Amino acid sequence: MIAGVARELRAEAERTNERRVLVLAGDRDRGTDAAYDAIVSLGVDDEAVSLVSTREGFRFEEHRPRSADELLGRTREAVVLDCHERFVPNALGRAVGAVDGGGLLILLTPPLDDWPAVRDRFDDSLAVPPYGVGDVTGRFRERLASTLRTHPGVAVVALGDRPERDALERDGLTGEQAAERDGPSARRAPSAPPGATFPAAAYDACRTADQSRALRAFEALAEPGAAVVVESDRGRGKSSAAGLAAGALALGGADVLVTAPAFRNAAEVFARARELIGTETDGGCGEADRNDCGGDADERDLRTPAGGRVRFMSPAAAAADADGADAVIVDEAAALPVRLLEGFLDVPAVAFCTTVHGYEGAGRGFAVRFRERLVGSRFAVRDVRLDEPIRYARNDPVEAWASRALLLDARPAVDDAVADASVDDATYRALDPEELRADETLLGEAFGLLVTAHYRTEPNDLARLLDAPNLVARALVADDRVVAVALLAREGGLDAETRRRMYEGERVRGNMVPDVLTSQLRDEDAATPRGLRTVRIATHHALRDAGFGSRLLDEVHAEFGGEVAGDGEATHDDGEPVDYFSVGYGATPRLLRFWKRAGYRVGHLSTSRNDASGEHSAIMLRPETAAGRDLLARHAVAFRDRERDGLSDAHRDVDPDVIRGALGACSASVPVDLTETEWRSVVGASVGPGMYDSAPGAFRDLALAALVEGADLDDRAERLLVRKVLQGRPWEEVADDLGFASTSACMRALGDGYTPLVERYGTDFALAERERFTGE
């Protein structure tokens, strides 16, 4: 029976250029055998089939569930996803995306009625200490099973203990509503438009008119001052068009820098660039000239006989070095944080390619936050949107099913529905996971806001929201629309043995702040207090800067920390004590100000930049009990002491405004204990003939005190303290960075900046010394 079902699904999929799903629900071994029978009956070559499973020894191309990213950019006639033992939602997204038009996705699952109660190795990853796997729920799988039973294009076979007892629950056939409408025969082969400057071979390689339009827009990158924005859902060929454009520009002698969250995200760009370069250089690349036309010499650096090249760099490195290229192509721009994207606004020409809804997950920072900055820049911006799928028909039911099942198209409420919302009238409420599972509108709006809050949101995040026992969600609702949402994680409260293992180097899942404070900062007791960490917080973009985020945090603080139990400790909603609130994020001046206003104080600033965000990560705490206050106190002091020396070492290149914000949010006081000799140097430099170089340590102590305790200095004076005194940058560099007319003017300004510090911190001796020069 299964072979016949598979053949009928495949036949309809091929006629409509769509895809179909075949669910084999039951025993794992029986499902594996049935999948083999189905594939054999289709006559599909083994080389066109991929299997995603924790098992090994199959004749098909194999991938582990945690390595399903290897399927990105692949085209397969059939993909078998084994959902037993370790079902990873991300792997489902990758598997769907790899199936070509006319192909099948075969899912091996437990019986659908039983699946939500099954606990596997993915659930183990959700059971973060101190929770166990028994605390993990099955709401994500319950919801997924419901979509499998109701969505068009999905066949379900309930497996019996032997083939004759198999039962067909759904045949998955759609009646061919889209037959031939969007198939390959309906497409016209694109051709080079009149006046095109890219090679004709580039346009011949386009598979849709959308791709051809995008390629024509990319031609603008040959001239400085051009910016191109290409948006599409996944599978529309934007990366292919970008690759053809990169190859064409390089053939013209341009240096094209390509960046993406990881090289695998840009693999299609380089594949298409390599093909075009090979086609245009005498029809291909021989062994002797591979390096000239982008062969195996270096897959991340393709070169052309004209001296052009297409090269890859990671986002943080590319942003720092982008001005050396003629044009920059940022693929998967929606997955990068806004501050990193801003680094590409100084290049001669730039293209941003963004996935609006992707199987690999997407972020909305580009569309929501960065777009207005790009439009307001010096660039002439051209927009292109690709709607026509490349590998399957426009109305493919499997794409619609995956979008629904994994919330790939989740988005906040429309702007008009929330435009009149008032922060004072909004209602604070818990987002109970069971209620989210039952209410698709509520789930879509809440998850859509979480997508906007982060540069990378994946299907795994949806499973965590619904099933992870350490997570809670809270929201502000106006007129039944979610206008702000916070995702919170319980951390800490770990037993002595777990704390010992953490201190000795073992990673403990789901306890980010205790882990950093324990393993990196060597505080074995840091995981004893219980914390509540803000994982993400988001406000509807139509209501930004209207106070909704602050109001939501105030409500969270009141709920989890405002009511005091009889033993004097604040409580979680489950009765467990909350000793502190925390947050960890890529530090920017704006975010540091926001969290400081909310009562949080810095306990750590990472020494290295995050590869994805390009920022130094900050950890901030807001204590609620004596245990929380003790935790912050010792880490605030440690942070203060690290920065005194670290600013001239690991933090020497950090943005001075980030340093100002971090030090200004440090709760530790700074002792100032200078010798008379040191005070003579400081006073002499501020009001007399003294020099900074005569006592740099004294100047450093005073600068640190001024920035931590908030001395009365203007912004430039504070930046001068950071850049010269604490980071130890050369005078010429500091003068140039801060806009001084000369190094001597910069030196005088530094002396002037210490005048109020002598007044504030000076001893009787120091004040008497000052009077010698001022008469005051």
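Q: How do the axes of helix 5 and helix 13 cross, and what distance do they come within?
A: In this predicted model, the axes of helix 5 (residues 139-150) and helix 13 (residues 397-406) come within 10 Å and cross at roughly 155 degrees. Axes here are lines fitted to C-alpha atoms over the stretch in contact, with angles running from 0 to 180 degrees between N-to-C directions.

Q: What makes helix 5 roughly antiparallel to helix 13?
A: Angles over 145 degrees count as roughly antiparallel and those under 35 as roughly parallel. The crossing is at roughly 155 degrees, so helix 5 is roughly antiparallel to helix 13.

Q: Which residues of helix 5 and helix 13 make the contact?
A: With contact meaning heavy atoms within 4.5 Å, helix 5 brings Phe140, Arg143, Leu144, Thr147, Leu148 and Thr150, and helix 13 brings Trp401, Arg404, Ala405 and Leu406.

Q: Why is helix 21 called roughly parallel to helix 23?
A: The axes of helix 21 (residues 589-597) and helix 23 (residues 656-664) cross at roughly 15 degrees and come within 8 Å. That angle makes the pair roughly parallel.

Q: Why does Cys83 count as buried?
A: Buried means under 20% relative accessible area (exposed is over 50%, partly exposed in between; 1.4 Å probe, protein chains only). Cys83 has 2% relative accessibility, so Cys83 counts as buried. Cys666, at 6%, counts as buried too.

Q: How many disulfides are there?
A: A disulfide is a pair of cysteine sulfur atoms within 2.5 Å, and by this rule the count is zero.

Residues are numbered from 1 along each chain as its sequence is written. Local features need pLDDT of at least 70, side-chain atom pairs count only at pLDDT 80 or more, totals for chains, interfaces and linings use all residues, and side-chain values use heavy atoms, leaving out hydrogens and water.

Technical notes. Helices (H or I, at least four residues) and strands (E, at least two) are DSSP runs, numbered from the N terminus. Angles under 35 degrees count as roughly parallel, over 145 as roughly antiparallel, 65 to 115 as roughly perpendicular and the rest as oblique.
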